Amino acid sequence: MANASVHIAALIIASLACAANADELVPYTIVGDGIPQSLTGSPGDAARGRALVLARTTTCILCHSGPFPETRFQGDLAPDLTGAGNRWTASQLRLRLVDASRFNAETIMPSYYRKDDLVRVGRSFAGKPILSAAEIEDIVAFLATLRD
């Protein structure tokens, strides 16, 4: 019982430490037109990524459409996500999510993993990234599965 209590306490402390550092950005290296290394050091979860893509509050479905027949009112401001895994590598997808302005300085797509030098940022996102490193990896994992 004592070992279980110690284990639970360690998990609570670890989760609090993660929450405290949620606004901190993991360093990454851009190579060419992508970020080749996972921001978390491991692959994302495609099922969680799909849920994030379809979340109307902050991500993709607001502007993009895709192979989501169950989802009404998909965006039409940005490219269709159908075949995204054929068009871009995981490395390229990761950089597009992290900082889309590297490809087009005038883009309306948010830089989901930046917190400095941004314009038109909602108060709830000021000074912190919109998505965590794990969420970026989950979305990358899902988008990479979208093949024609």
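Colleague: What percentage of the 148 residues in the protein chain is buried?

Modeller: Buried residues make up 30% of the 148 residues, where buried means under 20% relative accessible area and exposed over 50%, with partly exposed in between (1.4 Å probe, protein chains only). This is a predicted model, in which local features need pLDDT of at least 70 and side-chain atom pairs count only at pLDDT 80 or more, while totals for chains, interfaces and linings use all residues. Residues are numbered from 1 along each chain as its sequence is written, and side-chain values use heavy atoms, leaving out hydrogens and water.

Colleague: How many helices and strands are there?

Modeller: The protein chain has five helices and zero strands; these are DSSP runs numbered from the N terminus, helices being H or I of at least four residues and strands E of at least two.

Colleague: Which residues of helix α2 are buried?

Modeller: In α2, residues 46–53, they are Gly 49, Leu 52 and Val 53. Down the axis of α2, these buried residues fall within an arc of 100°, so they line one face of the helix; the arc is that of the directions from the helix axis to the C-beta atoms. Ala 47 and Arg 48 are exposed on the other side of α2.

Colleague: What do the buried residues of α2 pack against?

Modeller: They pack against α5, residues 133–143, where contact means heavy atoms within 4.5 Å. Among the residues making the contact are Leu 52 of α2 and Phe 142 of α5.
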